[in-house]
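Visitor: Hi! Could you walk me through this one while I look at it?
Guide: Happy to, just ask away.

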Amino acid sequence: MSMDSMRGKSAIVGMATAGVGEAPGFSAMELLGQAAVKAVNEAGLKMQDIDGVFAATSSHAFPTMSVVEYLGLKPRFFDGTNVGGSSFEMHLLQATLALEAGLCDAALICYGSNQRTAGGRLVSMSEPQWHETPYKPRHPITAYGLATSRHMAEFGTTREDLADVALAARGWANLNPEAFARGPLSKDEVLSARMISDPLTKSDCCLVTDGAAACVLVRADRAKDLPGKPVYFMGAGGANYHRSIVAMPDLTTTAAAESGPRAMEMAGVSQKDIDVVMLYDAFTINTILFLEDLGFCPKGEGGRFVRDGRIAPGGELAVNTNGGGLSCVHPGMYGLFLIAEAVAQIRGEAGERQQDNCNIALCHGNGGTLSSQCTAILGSEAAL
Amino acid sequence: MKDTDVSQLGPQAAYEAYLAAGWFMIQRAASTGEYVFWPKVTSPTGATDLEWVEAKGTGTVYAITVNRARSGAYNVALVELDEGVRMMSTLPGVETAEIGARVTARIEDTEEGPRVVFDLAGEDAA
């Protein structure tokens with residue numbers, strides 16, 4: 001089986017979100033359930049048709065078991081790979097492999113969180129690393145602060161560059177009625193925000209929201225017979241070198257430098273073919289690192305690349321068109337929301353923020369402390 | 001070798017036992033010369049003949065951040081030891097430091113137990 005044999009073999013035929021922002025009174029599983037029901041309905045299937053389950057959350061030790069029971073499923077294949085926020089880009093690849101192998105016929109990928117209304121803090125099952133504990137790092141921002149300090153020292157990236165990332169995200173969020181953080185935001189406000197972990201301020205950090213998402217995949221030949229406009233799987237790849245930031249080989253180059261080329265090779269596309277770039281922006285530095293590592297600009301140039309509104313609405317490159325984790329939604333594990341926006345753009349359902357002729361979108365998931373990197377590429381029928 | 005008996009301990013417990021006895025020890029693979037930190041049962045290239053050696057105690061600040069909690073601020077640094085391995089630590093004597101600054105290790109006793117911390121060295125201490 002060659003790498004490109006997976007290209008175009010599966011398609012997302014249902015995609016839904018639930019409880020984006022604040023959803024008081026609902027548990028994480030109830031929100032996940034709402035998203036799953038909507039996604040399955042949109043696919044024109046019955047819940048009982050789902051025979052492959054892929055799930056990861058921050059509050060369920062055995063997420064597929066919990067999902068299966070809650071939704072009344074009896075899957076033939078299930079996979080609870082948890083690589084943090086990047087889990088769902090990996091699930092796209094695994095679901096496609098399982099579908100193509102005949103291990104299942106309808107795959108549900110799902111996630112849910114109520115971390116905002118449950119406590120207002122990041123919910124994480126991430127265990128402390130014993131060799132870090134004596135130094136009291138704050139998970140996960142200490143690691144991202146460290147990476148930012150290194151990028152600034154090596155390449156001259158500035159806090160103003162980071163601010164440009166936050167302002168671009170807000171610009172997109174202001175075009176998205178579903179985004180949680182909307183409204184005017186000035187560069188002065190961003191730069192004067194409270195310092196949390198040098199050089200990162202509150203404005204450099206993603207939101208803490210509630211939210212759930214789910215999508216349904218089937219084999220491409222079956223997708224044509226279902227009611228929705230299919231969004232095809234074109235390629236995906238992962239790369240991972242470390243768990244703790246102390247073991248990251250080079251703090252200015254993430255494993256996205258490998259996952260990106262892997263995914264693009266499978267998809268048969270290059271950077272210039274991509275219409276919408278969805279990057280996991282847990283912190284402003286992420287956007288800069290991933291633009292570099294995925295080849296949209298040279299290493300070290302990310303800070304300069306994002307200046308002057310280049311990734312904001314009306315800019316040269318459409319990045320994080322939903323408003324991102326910074327201004328749209330971040331319930332703890334954001335990866336499935338990257339896919340939701342890519343699907344909306346490719347279907348032409350993105351409203352005011354819709355990109356013209358959007359046929360190919362890249363979704364880049366990040367998990368842990370710049371640890372797991374998973375890139376997935378989705379496309380319209382015209383892109384195949 | 002230091003007179004702390006770690007022969008029955010795994011690498012983490014051995015490191016901690018050495019630290020409690022006042023020694024900052026790291027691992028080195030006899031066959032390949034690779035240094036390993038944090039302590040493990042194998043080197044990155046698969047060597048398992050790991051021996052404990054005293055760290056030189058000198059290194060460079062590779063990255064640094066300051067955690068600004070309401071209860072007070074403290075820095076968290078990644079220090080690259082001169083042996084070539086990296087560790088998380090802190091520089092308790094300063095608010096923050098330049099990346100690339102030279103540092104020297106010492107063992108600090110805390111309520112939670114001993115830990116390796118660093119001070120600015122040489123010209124960087126001025």
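Visitor: How many residues does helix H3 of chain A have, and how far does it reach from its first C-alpha to its last?
Guide: H3(A) covers residues 87-100, which is 14 residues, and it reaches 20 Å, close to the 20 Å expected at 1.5 Å a residue. That expected span is 1.5 Å times one less than the number of residues. Helices here (H or I, at least four residues) and strands (E, at least two) are DSSP runs, numbered from the N terminus.

Visitor: Before we go on, what kind of model is this, and how is it numbered?
Guide: It is a predicted model: local features need pLDDT of at least 70, side-chain atom pairs count only at pLDDT 80 or more, and totals for chains, interfaces and linings use all residues. Residues are numbered from 1 along each chain as its sequence is written, while chains are lettered from A and ligands numbered from 1 in the order in which they are written.

Visitor: Which ipTM and pTM does the complex get?
Guide: The predictor gives an ipTM of 0.96 and a pTM of 0.97. For chain B, the mean pLDDT (the predictor's confidence in each residue, from 0 to 100) is 95, and 98% of its residues reach 70 or more.

Visitor: Back to H3(A): is it mostly covered or exposed?
Guide: Mostly covered, with eleven of its 14 residues buried. A residue is buried if 20 or more other C-beta atoms lie within 10 Å of its own, exposed if 12 or fewer, and partly exposed in between, with C-beta atoms placed from the backbone. Among the buried ones are Phe88(A), Met90(A), His91(A) and Leu99(A).

Visitor: And what follows that helix?
Guide: Gly102(A) does, and its phi is positive, near 80°.

Visitor: Switching to chain B, what is the strand order in the open sheet of three?
Guide: The order is E2-E1-E3, with antiparallel pairing. Two strands pair if DSSP finds at least two bridges between them. The edge strands, each pairing on one side only, are E2 (35-36) and E3 (50-54) of chain B.

Visitor: How many bridges join E1(B) to E3(B)?
Guide: Five, and the two strands run antiparallel.

Visitor: What sits between E1(B) and E2(B)?
Guide: Five residues, as the two strands form a hairpin; Gly33(B) in the turn has a positive phi of about 80°. E1(B) itself is mostly covered, four of its five residues being buried.

Visitor: Where are the domain bounds in chain B?
Guide: Domain 1 is 11-54 and domain 2 is 58-125, from an automatic or database domain assignment. Their C-alpha centres lie 21 Å apart. The contact takes nine residues from domain 1 of chain B and eight from domain 2 of chain B; two residues are in contact if their C-beta atoms, placed from the backbone, lie within 7 Å.

Visitor: Last one: how many residues does each chain give to the contact between A and B?
Guide: Chain B gives 20 residues and chain A gives 20 residues. In chain B, strands E4 (58-69), E5 (72-81) and E6 (86-89) each supply at least two residues of the side that touches chain A. The largest share, seven residues, comes from E4(B).
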